[in-house]
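Let's take a walk through this structure together.

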2 protein chains.
Amino acid sequence: MERVVVIGGDAAGMSAAAQITRGVEPREVVVFERGEYTSFAACGLPYFVGGVVADRDDLVARSPEQHRKNGIDVRTRHEVIAIDTEAREVEVHDLDSGTSTRERYDHLVVATGGSPLRPPLPGIDAAGVFGIHTIPDAVRIDDMLRDRSPRRAVVVGGGYIGLEMAEAFQLRGLEVTLVEKLPQPMSTLDVDMGARVADAMRAMGIELRLGVGVEGFATGDDGQVRAVVTADGEVPADIVVIGLGVRPNTKLTAEAGIPIGPSGGIVTDARMATPVDGVWAAGDCVESFHRVSRRPVSIALGTHANKQGRVVGLNLSGSHARFPGVIGTAITKVGSVEIARTGLTEREAAAAGFDAVAGTIEGASRAHYYPGGSALTVKIVAERGSGRLLGAQIVGGVEAAKRIDALAVAVWEEMTVDEFSQLDLAYAPPFSPVWDPTMIATRKAGDKVR
Amino acid sequence: MERVVVIGGDAAGMSAAAQITRGVEPREVVVFERGEYTSFAACGLPYFVGGVVADRDDLVARSPEQHRKNGIDVRTRHEVIAIDTEAREVEVHDLDSGTSTRERYDHLVVATGGSPLRPPLPGIDAAGVFGIHTIPDAVRIDDMLRDRSPRRAVVVGGGYIGLEMAEAFQLRGLEVTLVEKLPQPMSTLDVDMGARVADAMRAMGIELRLGVGVEGFATGDDGQVRAVVTADGEVPADIVVIGLGVRPNTKLTAEAGIPIGPSGGIVTDARMATPVDGVWAAGDCVESFHRVSRRPVSIALGTHANKQGRVVGLNLSGSHARFPGVIGTAITKVGSVEIARTGLTEREAAAAGFDAVAGTIEGASRAHYYPGGSALTVKIVAERGSGRLLGAQIVGGVEAAKRIDALAVAVWEEMTVDEFSQLDLAYAPPFSPVWDPTMIATRKAGDKVR
């Protein structure tokens, strides 16, 4: 029986493993995971810290025991420290016993995930300065919130995780300051849309220090962090979270000669096979094909990880599957402010060589006379001349952000803005105005592309 | 200056008129409307009755006065009673003065709308038996609810308007019974999905009398309705609303020789021109091309009316525009139960000649650990062999139904279910599970098409 070794028990690794056990070809499947958890929802961690999710175990879709019952040989606290692609073996370090063994494989699945960026600044290892990437990270933050009742939280980084942690600390009753090097939060949006996010966060009472680089962390006599040191001076802090994004974990594979692409992730084809025979990869460690820019991108997101893992599993168990790529769809919220994007921003479109125009409108999520909806801003990016829909961004209240999905399908399908504005989307007063704001925005962009 | 005459001040007629005044070609625009209102939201009427919308004027997007300020010569209480397509004249009856005049046109826009079905049953004209199609209808119902405090409401018809009126009466504190001739409410859904709606309505405390035809209305000595008479016996009623759907108003145009299509609506091409020179039509009075069944359909819906009116207006003011057709997308709610559909149901697909299969799943609107979402059922209809997505239906709680839009774009684009299940839709725990229920459902349908 052929043996599949999976490096990493994250969503991608466990999706691959689970799919293989459901396949038509019998396989031995061994997963080596250096931590204690499998299949946990990293994207749920801020909600555990915020108290929205009460039990950390809720974040674990399937425990190692459950996976074992399904026929997957999961070995936690086991770290793969070397790959020998010639001999088809991996060297595995048992973190508890301290021993190492070599394990053979017929097929290797690399799901090493990503690591949070953690710049080597003075004081970054001080007590009270946290990352937020694993369940133990979240538990340590929660413990400190319970044990030490910090009053002032500083979040470093204004991206998805930064906003989500700002919300979490506010839910726990802390004063929150967000420090971001760039002049706007959510730099994955265009500046005009990021400004709307900034306004909404300030209205929530979150202090924003924008355009401010972090130089280090000052500690008190007790060794606890007491301030974030910036070029603009100190920002007092009883607790700090670094949320600067995630970088693909590729050290292990690079040492084994498995190619890394220009975006920093492991290179695969559409079947998620690396150029090295017998080696597959999936999840936050790989780069994906962006269908609009037609360039490789590294995007750490559970939905891609799950799909890619499933594709690997299908290909390793007698089926054929392809991962068709990504278009940069993303969504988050901070308080009642919803934020979403898909495709390319205006800036990204220009960088990808498109002659792009944009149309932005203010709209509402429901008919003007139906109570309870919210205001939202929709920005549409389109190609001049052809009118091709290149991307969309939404910032608004409740019911705003999930509207991005219809736009995401249209971007995927390379529809024009005129085509989008004529679609048969669902209309009833509690759900939408007669002209959905997404359609008004594409109409406005349509006026500009000509 | 060329003169455009618009028959009907509904959403379609006023959209056409407004678009013409914005166009590059100067035109005289005259609108004849037999009622007192223009541009009112018929779909909002149940929400006025339910007390969700407090002021009837909120349902009027633009009053006749506002339209006049924009350069449109709106004449309310004026009914067009004949069209002479040879002479290019209409005969107009002034309902206040009782006089008639002939008015010439260069271009005629027919926006005569639809009329609610009102079968000639014994007692249908009794006091307390209402239709719900105009603002005066809604005001009469509201007046009766205030003046006579009826206790028991019966809604005849289990479609969109029936469900919405059932909700409205319940919000006003009445006991509600819904009588439907077919064995399920929402017969625009497949039977299995209609059953879910029925269960949810019963759980709300609405009594359902299904598979029961109405034979008439019994009145008391005071002439007020006291019961709905059915084949199954009498259903006590203090107030009754007939919600049996809407039929295109085509008598006027048929008399003028303007062709009616097989679905009962006025025939137009994609520019919304009828086969008769100089005559255009838009809104509930026309039939539309269904892009999946490739057959004409008559669908009374404000979103189509607005789009079609705009297309007419563009074509009459120096631009070129086409209405690309419909795919039968619809959405509604009853209490907290959300209902949506797009494309073809399983039954409709078979009737249209497709070899169709279906996949149905139960899912959730948010990550399993994120509180506050709801359960939902998604049914996907796909073509055997090709895997083409033919249609989708959703029944669920909050956040369920608007998910239909992504599926509507995919149906429109003739995507396959496998393609849909690989899309880059927006994922974050407060908005979606890692695998959105729509993607799980298309995956399940994908397993069946092979």
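First, some housekeeping. This is a predicted model, in which local features need pLDDT of at least 70 and side-chain atom pairs count only at pLDDT 80 or more, while totals for chains, interfaces and linings use all residues. Residues are numbered from 1 along each chain as its sequence is written, and chains are lettered from A and ligands numbered from 1 in the order in which they are written.

Let's begin with the symmetry. Two copies of a chain are related by a rotation about an axis and a shift along it.

Now to the interface. Contact between 48 residues of chain B and 48 residues of chain A joins the two, where a contact means that the C-beta atoms of two residues, placed from the backbone, lie within 7 Å. On chain B, the elements α8, β21 (330–334) and α10 (404–412) each supply at least two residues to the side that touches chain A, and α10(B) gives the most, with seven residues. These labels stand for DSSP runs numbered from the N terminus, with helices being H or I of at least four residues and strands E of at least two. By class, this side of chain B has 34 nonpolar, seven polar and seven charged residues. In that scheme Ala, Val, Leu, Ile, Met, Phe, Trp, Tyr, Cys and Pro are nonpolar, Asp, Glu, Lys and Arg are charged, and the others, Gly among them, are polar. As 100% of the interface residues of chain B are also interface residues in chain A, the copies meet through the same surface.

Zoom in on the α10 pair. The axes of α10(A) and α10(B) are 7 Å apart, at an angle of about 20°; axes are lines fitted to C-alpha atoms, for helices over the stretch in contact, and angles run from 0 to 180 degrees between N-to-C directions. That makes α10(A) roughly parallel to α10(B), a label for angles under 35 degrees, with over 145 roughly antiparallel, 65 to 115 roughly perpendicular and the rest oblique. A:D405, A:A406, A:V409 and A:A410 meet B:D405, B:A406, B:V409 and B:A410.

Within chain B, helices α1 (residues 11–22) and α8 (residues 302–315) come within 7 Å and cross at roughly 30°. These two helices, α1(B) and α8(B), are therefore roughly parallel to each other.

Finally, visit two loops. Most residues other than glycine have a negative phi, and most peptide bonds are trans. A:R294, in the loop between β19 (288–289) and β20 (296–297) of chain A, has a positive phi near 60°. With 10 other C-beta atoms within 10 Å, A:R294 is exposed; the cut-offs are 12 or fewer for exposed, 20 or more for buried, and partly exposed in between, with C-beta atoms placed from the backbone.
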